[in-house]
Amino acid sequence: MIEFVSRISIVCFVASYMVALVCEASRLVFRSGIRGAAMIGFASAGLFAHTLFLLWRAANESAVPLSSAFDWYLLAAWMLAAGYLWLTIANPRTPVGLFMLPVVLGLIGAAQLSSREPFPQTPATQVWGAIHGGFNLAASVAVAIGSIAGLMWLIQAGRLARKQAPLQGFRMPSLEKLAVTTSRTLSIAAWTATAGFLSGLVLNAVTRQAGLLETVPWTDPVVLRMGALVAWLVSAECVSRITCRRPSAASTAAWLSLVSFGVLTLSILWGLFGVTRHGVPPPKPLPLHSQHVPAAKAGLASGVSP
Amino acid sequence: MTLAFVGGTHRTVPLDLRERLAFSAEQAAEALRRFRERFPGREVVILSTCNRVELYTAGEKNAVPPPTEQIVSFLAECRGIDAGLLAPLLSGESDKAVVRHLLSVASGLDSMVLGEPQIVAQVKQAWAIAQQSQTTGPLTGEMFQAALRTAKRVASETAIGRQRLSIPSMAVADFASGVFERFDDKRVLLIGAGKMARETLRYLRDAGARDVVVVNRTAERAGDLAATLGARAERFENLERELVAADVVVSTTGATHPVVSEELFMRAESHREGRPLVVLDLAVPRDFDPRIGKRPGVWLYSIDDLSAACDANRTSRQRELPGAMAIVDEETNRFMGNLHHRSTVPVIEQLRAGWVETGDAELDRLFRRLPHLDNTSQAEIRQAFDRYAAKLLHSPLASLRTESHSGSPHGLLDALKRLFDLKE
């Protein structure tokens with residue numbers, strides 16, 4: 001059993017999610033009596049493998065979820081995949097996977113590009129680190145769900161405005177349900193992102209006080225991008241609340257959610273490809289004996305006699 | 001085995017004659033009993049709906065089916081109609097065409113509204129009545145099972161019955177339900193109460209709507225309608241106030257000019273606090289100024305909008321027809337293949353019995369000559385003989401099975417009978 005779990009790789013659950021996505025896309029082309037079961041089967045298999053992969057890392061690589069950027073993205077993807085499975089079982093006629101699974105796969109792709117190196121931790125910073133990571137995770141998942149609901153709202157509203165009957169295999173939830181989801185997730189995202197940012201400040205202060213780890217400067221790209229994301233989400237939430245009693249409130253919330261997702265995506269890309277000191281362990285002074293080894297090796301490699 | 005059907009549908013029989021020809025459940029049971037008396041040995045089922053009356057009959061090969069004229073006369077006699085009047089309007093089919101027809105009927109492919117699902121229940125009911133009347137048998141049993149299986153396949157593998165075709169059902173299920181998740185917390189406002197509005201209200205009630213207000217120019221008429229529909233009546237002067245409170249409006253007045261102008265609506269809109277509004281304007285000419293439909297949060301559908309969507313659905317159903325017919329053909333061929341294969345069973349049994357008999361006789365002779373063989377050895381030899389016979393029989397039986405799928409394998413059966421001297 002342990003050997004089986006240890007062999008699970010990212011490819012296993014990515015492949016399962018991709019097959020589930022292909023099944024979802026096939027709704028638009030043809031009808032099938034067994035597709036629903038196949039979709040749920042592949043999504044469940046993917047989620048099962050995904051869960052075992054995270055548990056294996058937690059148990060064997062001291063990589064408790066949220067302890068590295070890699071695990072953070074994988075956990076976010078896991079939450080969305082679990083949400084997809086639940087929604088598909090509860091609403092089998094809604095093609096929610098067409099919207100959620102690409103985000104799940106995108107997050108797994110981001111995990112692949114990000115560092116697997118655990119964030120530096122000390123007992124003093126561990127709790128605040130978990131709070132900081134947890135709030136940011138909740139904010140990101142809320143933004144993703146909100147943007148999916150917002151996009152579905154716009155598609156459904158477009159169909160109703162064009163006075164067309166629903167397309168085969170592409171029946172969206174009602175505008176009422178989507179509007180509630182969009183505005184609630186926007187609120188959750190704003191509050192949790194703010195909490196995540198503030199807990200990050202506390203974490204930085206604790207780190208500075210402990211003097212064990214390097215602090216992240218205010219000008220660090222991660223601080224700037226997270227600050228920008230928080231500022232945007234809080235502004236979006238304010239606009240959404242101000243306009244909530246207007247006829248265009250749902251449309252406004254849908255667009256705000258979509259832009260929020262754009263800001264989040266830019267923020268993630270910035271984090272993946274930008275230079276940062278966030279979550280980077282401080283440079284360790286090399287022990288004396290190890291300083292000589294590379295020189296000796298270099299000498300051997302270059303054919304220089306000692 | 002012989003299969004036959006005689007019947008008429010909305011395409012061939014005028015409504016007044018269809019009404020006279022239709023059988024109630026009791027009348028159908030009585031007719032089935034009489035048919036059985038007149039044509040002993042025949043299985044029979046009568047399918048009677050508002051759009052068709054069809055009699056299906058089946059029997060073993062030697063039970064020759066009654067000619068179409070006799071069945072027409074029988075139906076006419078049962079319903080007290082002149083047979084001469086019915087004869088040119090009813091038609092008959094036999095064998096494979098009967099199966100294909102029943103499978104198409106059960107799948108809604110022969111219905112007035114293509115793909116309508118109610119016919120499945122009517123086919124089931126016809127079968128149940130025949131079963132209670134003890135006029136069914138293995139042939140009609142398998143045929144009706146195949147019909148229900150085909151209907152299920154057509155419903156699940158094609159979208160032929162998915163799209164709605166009636167304006168009220170589409171207005172509620174595809175448009176109002178696209179805006180609102182639930183209706184039990186919504187206010188429905190009926191302006192006027194034409195037939196279409198009542199029908200739409202029925203669908204809204206099915207969707208959960210409880211709070212219904214009727215507004216009519218005549219207060220007395222509004223009161224009567226409200227009492228009939230289980231709703232609350234309001235004076236026409238309060239229309240603006242009711243528009244503020246409403247979530248769904250169904251309008252069907254006979255007014256010659258818009259009942260709700262843009263100005264009136266904008267006054268109401270300012271008090272609505274941004275709540276969305278679905279307006280089903282089913283009146284001709286329209287009751288709502290079409291500019292209202294451009295306001296944010298207002299989903300206004302006129303009768304033309306809904307008719308266009310229904311037409312699109314009708315076209316969409318037509319596009320599904322070839323796929324549905326392919327399923328019907330596949331199931332028909334499967335049924336006929338099984339039926340033909342069944343007709344080979346007596347010959348196969350005879351052939352097998354002959355071989356077993358010959359084998360047993362030879363084995364008995366062999367064991368008498370070799371008395372030293374113990375029981376185990378004898379059993380081994382018997383098993384070897386059985387395996388040998390089974391292997392020799394495999395090819396002819398497989399050929400029979402294959403031939404059955406493309407029709408009755410008369411040629412092969414005759415050849416087997418002659419080659420192995422099998423009796424009828």
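How far apart do the C-alpha centres of domain 1 of chain A and domain 2 of chain A lie? They lie 21 Å apart. The model is predicted: local features need pLDDT of at least 70, side-chain atom pairs count only at pLDDT 80 or more, and totals for chains, interfaces and linings use all residues. Residues are numbered from 1 along each chain as its sequence is written, while chains are lettered from A and ligands numbered from 1 in the order in which they are written.

**View 1. The two domains of chain A.** Chain A splits into domain 1 (1-117) and domain 2 (119-279); the bounds come from an automatic or database domain assignment. Their contact takes 21 residues from domain 1 of chain A and 20 residues from domain 2 of chain A. Two residues are in contact if their C-beta atoms, placed from the backbone, lie within 7 Å. On the domain 1 side, helix 4 (69-90) and helix 5 (97-113) of chain A each supply at least two residues. Helix 4 of chain A gives the largest share of that side, seven residues. Helices (H or I, at least four residues) are DSSP runs, as are strands (E, at least two), numbered from the N terminus. By class, the domain 1 side has 14 nonpolar, five polar and two charged residues. Nonpolar means Ala, Val, Leu, Ile, Met, Phe, Trp, Tyr, Cys and Pro; charged means Asp, Glu, Lys and Arg; the others, Gly among them, are polar.

**View 2. Chain A against chain B.** Here 19 residues of chain A are in contact with 26 residues of chain B. Helix 6 (123-161), helix 7 (175-210) and helix 9 (249-273) of chain A each supply at least two residues of the chain A side. Its largest share, three residues, comes from helix 7 of chain A. The chain A side divides into six nonpolar, seven polar and six charged residues.

**View 3. The domains of chain B.** Chain B is divided into domain 1 (2-162), domain 2 (167-306) and domain 3 (340-419). The C-alpha centres of domain 1 of chain B and domain 2 of chain B are 44 Å apart.

**View 4. Helix 2 and helix 6 of chain B.** The axes of helix 2 (residues 25-38) and helix 6 (residues 118-132) of chain B come within 9 Å and cross at roughly 50°. The contact is made by B:Ala25, B:Ala28, B:Ala29 and B:Leu32 of helix 2 and by B:Ile129, B:Ala130 and B:Gln132 of helix 6. By class, this contact has six nonpolar, one polar and no charged residues.

Technical notes
Axes are lines fitted to C-alpha atoms, for helices over the stretch in contact, and angles run from 0 to 180 degrees between N-to-C directions.
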